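Let's take a friendly walk through this structure together, one region at a time. Keep the 3D view open beside you as you read.

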Amino acid sequence: MRLGLGRSPQRRREAALAAAPPGPLRDYLSAPFVGPGTRLDELPLLALDVETTGLDVERDRVLAVGWVPVDGRSIDLSGAGRRVLGVRMEVGQSATVHGLTDDAIARGDVPVTVLAEILRVLRGRVLLAHHAAIEIGFLDAACRRVWGAPFVTPAVDTLALQRRVLAGRLEAHPELHPGELRLWAARERYGLPRYRAHEPLTDALACAELYLAQTSELSRRARKPLSLKTIQHT
Amino acid sequence: MVDVELAEVADFLAEHAPFDALPERVRRTLPARMAVRYHRRGTSLMAVGVDNHDLMVVRSGAIEIRDADGGLVNRGAEGTTAGSTTLVGGNPSRFDVVAIEDTLALHLPGAVFHELSSEYPDFADHFDAERADRLRSAASATMTNAAGEAILRTSAGDLVRRPPVTVPPHVTIADAAVVMTDEGISSLLVVEGREVIGILTDRDLRRRVVAAGVDPAGPVSSVMTADPVVAPAEASALELLMTMTERAVHHLPVVDGGQPVGVVTTTDLMRLERVNVVHIVGDITKQREVAGVVALARRTPRLVEQLVGQDVGAADITRVVTTVGDAVERRLIALAEERLAARGHGSPPRYCWMVLGSRARHEQALGSDQDHAVIIADDAPEGAEEYIAALADEVVAGLEAAGYPRCSGDVMASNPRWRQRLTGWRREYRRWITAPVPDAVLQASIFFDSRPLLGDESLHARLAEDITQLAPGGSNFLAHLGKEAVSNEPPLGFFRGFVLAKAGEHKDTLDLKRGGVGSIVDVARVHALRTGLVSVNTRSRLLAAGRTGSLSPSLAASLVDALDFITHVRLVHQAAQAASGSRPDSRVRPSDLSAFEQRSLREAFHVIRSAQQALVHSDPSVRYS
């Protein structure tokens, strides 16, 4: 994945901005990113989840996307969104995971329109996802295909946060099972409600709720207000 | 295609009042008008004196609502709402709402709440009713504090209203009467140095002085009641009541460290009389017929139900059940003695009736078996065994009628083996401790939780002395008990679930006794016997083990909490069973428990497992079987 690792999101944003043609990506990149010193109580995020035909960002496509904004300690359900994309591609076996049929896809929105909408709602916010590399990878591949420029965003990954939460308790959990990091296992630890998986808006909400629980736990341990810098995914 | 339906949230609302009463099309639009917030355990969602603008609905976790005086108003998990009082009645809040576990809450803005209330009367009615309920329970919580909990929590020391008025023994009767009149009191303590040697009451002046024509110029010591019954300052009001009714006295001097601190009268106790416990225990003591005792004993489940409803702690409730059980058993024994005398069996020999197991530990729940035994004095006349046999048969039958089933292991005084002379008992205990046979120790463990109930307590004291001296040195014996204590694994499954019975009449149920309360009791007993501790109460045993270092203090405290919580769940379950007419047991269905209760139970079982592991580590001879 070409994420330009090693440079700050701000610097990468400036580089990408120089390469982006006028249009939705350029508009998105021209807004400054949330500063790393922003306290979690004031941090605007957008929990995002994509359902895809597979995991290869070059060959596979995003079929559906769900999002919900998080403003500091509060999830704003009024900003929640869900789109199915009308990709010209057979869904095949992946339908067994996400439940989207070829008929549903055929009635879907134009992919570029949805991509532009995501960039609009994400503007000024930090991307929040469980295993964020997937969402970032697919958005990046799409932006490169459409506008020939990379997608850049500050991000928080609840999977990485869960690793930190559990690592803080090593005495009690000498072995960390990979399964413990999965979204639904992580939620169960906090007693969060059980949801049906693989519906993008539900997954985005599930991720947002998990984030509130995790940062609440990390703040308690830190005994001081945390900022984006301390939880940012790099 | 535009689709922002938050199905998970809408489905949740559809399952909970009053949202379930809204038309579906309205309900489906609600999630998008809400916010979701996470409240850490112990943090406040709303506070007295602070403005609130949302209706909060618990999505997961649990909250507690308390009034300004700290009285518990409501406690609830998923679906519980809070905040309607300020939205309807105005700010600021008169209640504190605190997350008692990590809580995810849906926040509905006040404007949406008002819109729904005006359009859908059912929605508004729900909150009107809830607020009325809340105020009523807030009021009754205050009453509970004044009466219900008072009897359980109040100690003799708390009841003392003024320092005692005392006179030395050489004061004249006339002067003593003047003191009583001046002070406006109905009793006077006679002290020598700092020790209470007698008590003089109004009644004594009437009967022993005036009616008997005694010269009031004589010393008060000539008409006082010498060596009166006294109560320690830490005795509970309930225990005072028991003592007063049994000894037929109306004044009890209260002593602290040997010195008098005041006098408690029956009138002081009557101020607490609204409590049913007092009535039941008092009434049992007055019964002249077995049928009367049985009828009163049958009220115990209803009593437990009330106490559970009043949020009285589990340890206090089991203490009440024990006290009622004690009163029933004592009264049945006394009535049996009367009937034996009437049938020509003569007067009873010197003996001590002891209770065993949960009753002895003051931890009786509903549905417990009867467990008792009798120590006959060595100098009792020949035929004492036959007398006790006849007595025991009557008592066992009476207890059974009163709702205490016969002991399935036949540990009852009606079994010849469990009515022995003191020498026989001492031999028996010595054998259990010094030459233990594993199976015998298992069966005998109940005898290490014993308490004298009636008769000559010195007989029991002699046995207790033997136990405290012998047990710490009985390493094999302790190893057997330790092994037993770790043999019942808490019913925890692999993936944080519970291990449930797979088949039979108990299918899908969780045993709160085996691996739960029972395991805590077993662990506490080993620690106590190891150090020669006298107390048989599990909580006292654990706290003492924490103090002596036999058990880590934090683990000891956690075990006490675990015992309280599991007992609480068990009592709630039993009270419900009794109310529906079925026989109380200790098997619950996890699906009947709230998520909060399930998680807390799992936590409690984890604590038990840690305690079992600590026991194995502390004694190399204790092994899992």
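Predicted model: local features only at pLDDT ≥ 70, side-chain atom pairs only at ≥ 80, totals over all residues.

## Where the two chains pair

In β1(B), the residue that bridges to Ile75(A) is Val36(B). The strands around the pair are β3(A) and β1 (residues 35–39) of chain B, which run antiparallel and are joined by three bridges.

## The interface of chains A and B

How much area is buried between chain A and chain B? The figure is about 2,500 Å², with carbon and sulfur atoms giving 53% of it. Chain A brings 31 residues to the contact and chain B brings 25.

The rule finds one salt bridge across the interface of chain A and chain B. Glu217(A) pairs there with Arg40(B), and their closest N and O atoms are 3.0 Å apart. On the chain A side, the elements that give two or more residues are β3 (74–76), β4 (81–84), α8 (183–189) and α9 (200–222). The largest share, nine residues, comes from α9(A). Sorted by class, this side of chain A has 12 nonpolar, six polar and 13 charged residues.

## Chain A as a whole

Chain A has 10 helices and six strands. Of its 234 residues, 54% are buried. Among contacts in chain A between residues at least 6 apart in sequence, 65% join residues at least 24 apart.

One residue to look up in chain A is Asp102(A), in helix α4 (residues 102–106). Is Asp102(A) buried, exposed or partly exposed? Its relative accessible area is 35%, so Asp102(A) is partly exposed. From Asp102(A) to Gly86(A) the C-alpha to C-alpha distance is 9.2 Å, and the two are 16 residues apart in sequence.

## Strands in chain B

Four strands of chain B form an open sheet in the order β7-β8-β9-β10, with mixed pairing. Its edge strands are β7 (166–167) and β10 (225–226), each of which pairs on one side only. Strand β9 (residues 195–201) runs antiparallel to β10(B), and two bridges join them. Here Gly198(B) stands opposite Ala226(B).

Elsewhere in chain B, strand β12 (residues 251–256) pairs with β13(B) in the antiparallel sense over six bridges. Pro253(B) stands opposite Val263(B) in β13(B). The hairpin of β12(B) and β13(B) has two residues between the strands, and Gly257(B) takes a positive phi near 60° in this hairpin. Strand β13 (residues 259–265) is largely enclosed by the rest of the structure, because five of its seven residues are buried.

## Salt bridges in chain B

Over all chains, the count by this rule comes to 38 salt bridges. One of them joins Lys286(B) to Asp283(B), with the closest N and O atoms 3.7 Å apart. Both residues lie in helix α11 (residues 276–286) of chain B, three residues apart, or about one turn of the helix. Lys286(B) is exposed at 59% relative accessible area, whereas Asp283(B) is partly exposed at 25%.

Arg288(B) forms a salt bridge with Glu338(B), the closest N and O atoms being 3.1 Å apart. Arg288(B) sits in the loop between α11 and α12 (290–297) and Glu338(B) in helix α14 (residues 314–342), so the pair ties together parts that are 50 residues apart in sequence. In the bridge of Arg359(B) with Glu329(B), the closest N and O atoms are 2.9 Å apart. Arg359(B) lies in the loop between β14 (351–356) and β15 (372–376) and Glu329(B) in helix α14 of chain B, so this pair ties together parts that are 30 residues apart in sequence. Both Arg359(B) and Glu329(B) are buried. There is also a network of salt bridges that links Arg361(B), Glu363(B), Asp449(B), Asp522(B), Arg525(B) and Arg541(B).

## A buried histidine

Helix α18 (residues 457–470) of chain B holds His460(B). At 9% relative accessibility, His460(B) counts as buried. Its side chain joins that of Ser450(B) in a polar contact of 2.8 Å. Leaving aside neighbours within four places in sequence, the residues in contact with His460(B) include Cys352(B), Met354(B) and Ile375(B).

How values were computed. Residues numbered from 1 in each chain as written. Chains lettered and ligands numbered in written order. Heavy atoms only, no water. Buried < 20%, exposed > 50% of the residue type's maximum accessible area, 1.4 Å probe, protein only. Contact = heavy atoms within 4.5 Å. Buried area = accessible area lost by both parts, 1.4 Å probe. Salt bridge = Lys/Arg side-chain N within 4 Å of Asp/Glu carboxyl O. Nonpolar A, V, L, I, M, F, W, Y, C, P; charged D, E, K, R; others polar. Pairing = 2+ DSSP bridges. Polar contact = N/O pair within 3.5 Å; in protein donor to acceptor, adjacent residues only side chain to side chain.
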